[in-house]
2 protein chains.
Amino acid sequence: MVVKVYGPAYGCPKRVLMCLIEKDIEFETVPINLSKGDQNHPDFLKLQPFGEVPVVQDGDYTLYESRAIIRYYAEKYKSQGTDLLGQTIEERGQVEQWLEVEANNFHRPIYDLVIHVVYAPIQGFPSDPKLIEESEKKVGKVLDIYEERLSKSKYLAGDFFSLADLSHLPFTHYMVNQMRKEYMIRSRKNVSAWWDDISNRPSWKKVLQLYKYPV
Amino acid sequence: MVVKVYGPAYGCPKRVLMCLIEKDIEFETVPINLSKGDQNHPDFLKLQPFGEVPVVQDGDYTLYESRAIIRYYAEKYKSQGTDLLGQTIEERGQVEQWLEVEANNFHRPIYDLVIHVVYAPIQGFPSDPKLIEESEKKVGKVLDIYEERLSKSKYLAGDFFSLADLSHLPFTHYMVNQMRKEYMIRSRKNVSAWWDDISNRPSWKKVLQLYKYPV
């Protein structure tokens, strides 16, 4: 059964795509155009009532929320492709902790930056300079903690690449590229080495090659 | 080894306490006073560099982020106490999905409501009426989706109580009690029955009895 992934152009679905590639799971994609309102179509809302991407359909099993989907496939195919959950329950605990840090501490301010720095000028709505300044400060503080953490282990959850690292790629890519804030990475030695490592994984390069960002 | 839980008075640590009680895991608590700045003490920052509660110490294993901690204990003691992850990988996928919905769709606006409706008058900072109105609308929209979901299954992830339901308790309690917005629950038949069910679990009653909220 081929896994069907909705919305491959966008940031959060790219977590899922990278995970499926790391796990050697066959998939196909269904384009969703958020600026045209595809997410509000009744057929889409039957799959994802909140009108958000990604969603996956795997036979008659439907799942949404990118970090739920990557946990599901990483567990279901634990011994296939790259192991993304650690070897022990204690290692998985660390993966869960840093996945939550990504979602709660990192993603929220960086999402605001993406909206106000990248999308506002393109879509013609006013950006909020105060929010941009505050969000950049928040991201910087998180990266300072990563810098310290990555002085002790190669990856966030330990000396193994995991979902916690993978989950950072789509929005850090925005920061380094579309947002032109690569200095936030390069000014921190360990974060910089970590970024070079994870962003050069063949799975991520394949995601970027196959599924362009909308901007 | 007794698990040590930091910050039992607050909302997020109450997820952990309820989980430990459901799993019959022995624990002790360490009070943290956020309004006195305990979370910024260097000893605390060594445990939790972001200065947030909860943290658990379990022998020499330290873990933070409430939803990571509850996943860790639910998995580590899968067959002890209440099973909170579902019986199959597919059921666990649904648990993960609704845990993510709780964190991303429900918690964010309800947290803003708690800050602006409950804490602003007490701590003497100005509340934002526009944010309150928008947040209440967002919570209402999420509850509408829950109402539909709970017409099809007894709990969010299926016909079994799970981490996804548990994770809603601490902040829905704020809404029903300190915030006096019980009507948001009672105006929705299925949500109302679900709330009565989960908030009457002995584990939650024990949490409330032992660890008062700070306000």
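## Stop 1: the annotated domains

Start by selecting residues 88–215 of chain A, which the UniProt annotation "domain: GST C-terminal" (unreviewed entry) covers. UniProt positions are given in the numbering used here, feature names are shortened, and annotations may be inferred rather than shown by experiment. This is a predicted model, where local features need pLDDT of at least 70, side-chain atom pairs count only at pLDDT 80 or more, and totals for chains, interfaces and linings use all residues. Residues are numbered from 1 along each chain as its sequence is written, chains are lettered from A and ligands numbered from 1 in the order in which they are written, and side-chain values use heavy atoms, with hydrogens and water left out.

Colour your selection by secondary structure: residues 88–215 of chain A come out as 72% helix and 0% strand, with the end C-alpha atoms 40 Å apart. Helices (H or I, at least four residues) and strands (E, at least two) are DSSP runs, numbered from the N terminus.

Now switch to residues 1–81 of chain A, listed by UniProt as "domain: GST N-terminal" (unreviewed entry). This span is 36% helix and 20% strand, and its end C-alpha atoms lie 17 Å apart.

## Stop 2

Go to A:Val53 and A:Pro54, joined by a cis peptide bond with omega at about 5 degrees. A:Pro54 sits in the loop between α2 (42–47) and β3 (55–58) of chain A. Hop over to chain B and you'll find a cis bond between B:Val53 and B:Pro54 too, with omega about 5 degrees.

Next, pick A:Glu65. Its phi is near 75 degrees, a positive value in a residue other than glycine. Look for A:Glu65 in the loop between β4 (61–64) and α3 (66–76) of chain A. Is A:Glu65 buried or exposed? With a relative accessible area of 8%, A:Glu65 is buried (buried means under 20% relative accessible area, exposed over 50%, partly exposed in between, using a 1.4 Å probe and protein chains only). In chain B, B:Glu65 also has a phi near 75 degrees, and B:Glu65 is buried at 9% relative accessible area.

## Stop 3: inside the chains

Show the side chains of A:Tyr73, A:Trp98, A:Leu143, A:Tyr146 and A:Leu163. These have the most contacts inside the largest nonpolar core, which has 71 residues. Such a core is a set of buried Ala, Val, Leu, Ile, Met, Phe, Trp, Tyr and Cys residues joined through side-chain atoms within 4.5 Å. Helix α4 (residues 89–123) of chain A supplies the largest share of this core, 10 residues. A second, separate core of 69 residues includes B:Tyr61, B:Leu84, B:Val142 and B:Phe161.

Zoom in on A:Leu163: leaving aside neighbours within four places in sequence, its contacts (heavy atoms within 4.5 Å) include A:Cys19, A:Ile70, A:Leu84 and A:Val95.

Then select helix α9 (residues 189–199) of chain B, whose buried residues include B:Trp194, B:Trp195 and B:Ile198. The buried residues of α9(B) pack against several helices of chain B, among them α1 (11–22), α5 (129–149) and α10 (202–210).

## Stop 4: where the chains meet

Zoom out to both chains. How many residues does each chain bring to the contact? Chain B gives 31 residues and chain A gives 31 residues. About 3000 Å² is buried between them, with 56% from carbon and sulfur atoms; buried area is the accessible area (1.4 Å probe) that two parts lose on being put together, summed over both.

The interface has 10 salt bridges by the rule used, namely a side-chain nitrogen of Lys or Arg within 4 Å of a carboxyl oxygen of Asp or Glu.

Now find B:Gln94, in helix α4 (residues 89–123) of chain B. B:Gln94 counts as buried at 14% relative accessibility. Beyond four places in sequence, B:Gln94 touches A:Tyr61, A:Thr62, A:Leu63, B:Arg149 and B:Ala157. Its counterpart to select is A:Gln94, which touches residues including B:Tyr61, B:Thr62 and B:Leu63.
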